[in-house]
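Please keep the sequence and model open while reading.

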Amino acid sequence: MPAAASSSHHHRTRLRSRTAPLLLLVVLAAFVVTELLRSSSRGGFTASARRAGSSPAKANHSAAPRKILLDPAFTPRLPRQSPLSLSLSARNALPPRNAGRFPALPDGHLKIVLYVHNRPRYLRLVVDSLSRVEGIGEALLIVSHDGYFPEMDKIVQGIDFCQVKQIFAPYSPHLFPDTFPGVSPGDCQSNDNAKEKRCKGDPDQYGNHRSPRIVSLKHHWWWMMNTVWDGLEETVDFDGHILFIEEDHYIFPNAYRNAQLLVDLKPKKCPGCYAINLAPSDVKAKGEGWESLVAEKMGNIGYAFNRTVWRKIHAKAKQFCAFDEYNWDITMWATVYPSFGAPVYSLRGPRRSAAHFGKCGLHQGQGSSNVCVDNGSGAVELEEIDKVPNIKADWPVRIIQRQEGYQAGFKGWGGWGDRRDRELCLSFAYMYHIKDPSPA
């Protein structure tokens, strides 16, 4: 063999010997990422497998009903994910942080879900308030993000006072700037006439077409609920109470201990109550100051319920997804709760342990032409009694039977008329209970 040919042959042989391990590494990495994404997107089946081989039930792990009735006539479809959406799905499968500092979650602990959008000033206040809560180190805090906003992510990354897990809604309209569930080319706007404009979309009952930044309210809450109860390894076998709070809810130092007391007292004091609340249903009220517990309409500030109640809610997915109302809480009050056949009471103390604060709405302040100025400072003043558990086990229960506010018969504020939003909503209810939802 000529010298040049021999040198060339030797060079190719060396190149192959160096390239082979590199190729193997790339293939293995691709396989790991693929399996991670697959387990994230098919949480229902991995969850079922975990349950089949799980250890005997302990506290917070009871035989709550798990059978799901699926509609064979409905084919769930989820949007095709973008690279950003896929990367966020992968983050959803990561284990909680700070597990080394807080290695054991005791029996009787509560899990806390904080759902957020993009109000960093508010989030800093809420995180600061949570850091002062007695017993917070016993809890798992799950932060559910509607979309991805770096400043919000950075704030949550800085939490060091308990176990914390972040999840990101991978089908948030905020992640899809030029396709559904964001704005698609050819979508109708405002009160366009679809036939005249030759645009796409179904108007709501008032003649208005969908606004992605508005429908994300309901989409995020419903995706979060389905994911927390049926799609996460950390909660899929948890049958205890999960406490839900929002980025504009200031949490008092006694909130966690009071919530535990209410959960323990509920079966004895109010067996017909569906949930517990940290505040009155009237968001402006501070409580009555009575020496008694209070059972009233379920509120939307600091509410907690268990898997049995979640199953009742999940069974009403069609009603929830079909109601022409973009607010999740009004949808629950006007159509889901009334369908249970009896008043839905929640048990709380006579003083609030959480408070709504701030003036900016969830989607205000995001555009330069519509800035909501609110620095969120001085949100809530606490009294000494709010810093320690202030619920007594021997108190009686007062029932407030007159339920004010939205009720059955309210037709909704609209914003939820597009059939694509309704189908996506229903797909979220199915996504952890079928093998692989078809991409839209």
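A salt bridge here is a side-chain nitrogen of Lys or Arg within 4 Å of a carboxyl oxygen of Asp or Glu. By that rule, the structure holds 22 salt bridges. The model is predicted, so local features need pLDDT of at least 70 and side-chain atom pairs count only at pLDDT 80 or more, while totals for chains, interfaces and linings use all residues. Residues are numbered from 1 along each chain as its sequence is written, and side-chain values use heavy atoms, with hydrogens and water left out.

**Salt bridges**

- Arg132 and Asp128 join through their side chains in a salt bridge, with 3.1 Å from N to O.
- Burial uses relative accessible area: buried is under 20%, exposed is over 50%, and partly exposed lies in between (1.4 Å probe, protein chains only).
- Arg132 is exposed because its relative accessible area is 52%.
- Asp128 has 29% relative accessibility, so Asp128 counts as partly exposed.
- Arg119 forms a salt bridge with Asp248, and the closest N and O atoms are 3.6 Å apart.
- This pair links distant parts of the chain, 129 residues apart: Arg119 is in the loop between strand E2 (111–116) and helix H4 (120–131), and Asp248 is in the loop between strand E5 (242–246) and strand E6 (249–251).
- Helices (H or I, at least four residues) and strands (E, at least two) are DSSP runs, numbered from the N terminus.
- Arg119 is buried, because its relative accessible area is 6%.
- Asp248 also counts as buried, at 6% relative accessibility.
- A network of salt bridges links Arg119, Glu246, Glu247 and Asp248.
- Asp187 and Arg420 form a salt bridge through their side chains (3.2 Å, N to O).
- That pair also links distant parts of the chain: Asp187 sits in the loop between strand E4 (163–168) and helix H6 (194–197), and Arg420 sits in helix H12 (residues 419–430), 233 residues apart.
- Both Asp187 and Arg420 are buried.

**Two buried residues**

- Lys165 is in strand E4.
- Lys165 has a relative accessible area of 2%, so Lys165 is buried.
- The side chain of Lys165 reaches the backbone oxygen of Asn92 at 2.9 Å.
- Contact means heavy atoms within 4.5 Å.
- Not counting residues up to four places away in sequence, Lys165 touches residues including Asn92, Pro96, Leu140, Ile142, Leu232 and Glu234.
- Ile391 lies in the loop between strand E11 (354–356) and strand E12 (397–399).
- Ile391 counts as buried because its relative accessibility is 9%.
- Leaving aside neighbours within four places in sequence, Ile391 is in contact with Asn258, Leu261, Leu262, Leu265, Leu293 and Gly349.
- Ile391 and Leu293 are 98 residues apart along the chain, yet their C-alpha atoms are separated by 7.8 Å.

**Helix H9**

- Helix H9 (residues 307–314) is mostly covered, with 6 of its 8 residues buried.
- The buried residues in H9 are Arg307, Val309, Trp310, Arg311, Ile313 and His314.
- Their cover includes helix H7 (212–230), strand E9 (303–305), helix H10 (317–322), helix H11 (328–336) and H12.
- Asn306 caps the N-terminal end of H9, with a side-chain oxygen 3.2 Å from the backbone nitrogen of Thr308.

**Aromatic rings**

- Rings of Phe, Tyr and Trp (its six-membered ring) pair if their centres lie within 6.5 Å; planes under 30 degrees apart count as stacked, over 60 as edge-to-face and the rest as tilted.
- The count comes to 20 aromatic pairs.
- Trp221 and Trp328 form a stacked pair, at 4.4 Å centre to centre and 5° between the planes.
- Trp221 lies in helix H7 and Trp328 in helix H11, so the pair ties together parts 107 residues apart in sequence.
- Trp221 and Trp328 are both buried.
- Trp333 and Tyr406 are stacked because their ring centres are 6.5 Å apart and their planes are at 5°.
- Trp333 counts as buried at 13% relative accessibility, whereas Tyr406 is partly exposed at 27%.
- Ring pairs link a cluster of Trp221, Trp222, Trp229, Phe244, Tyr303, Phe305, Trp310, Phe320 and Trp328.

Conventions. Polar contact = N/O pair within 3.5 Å; in protein donor to acceptor, adjacent residues only side chain to side chain.
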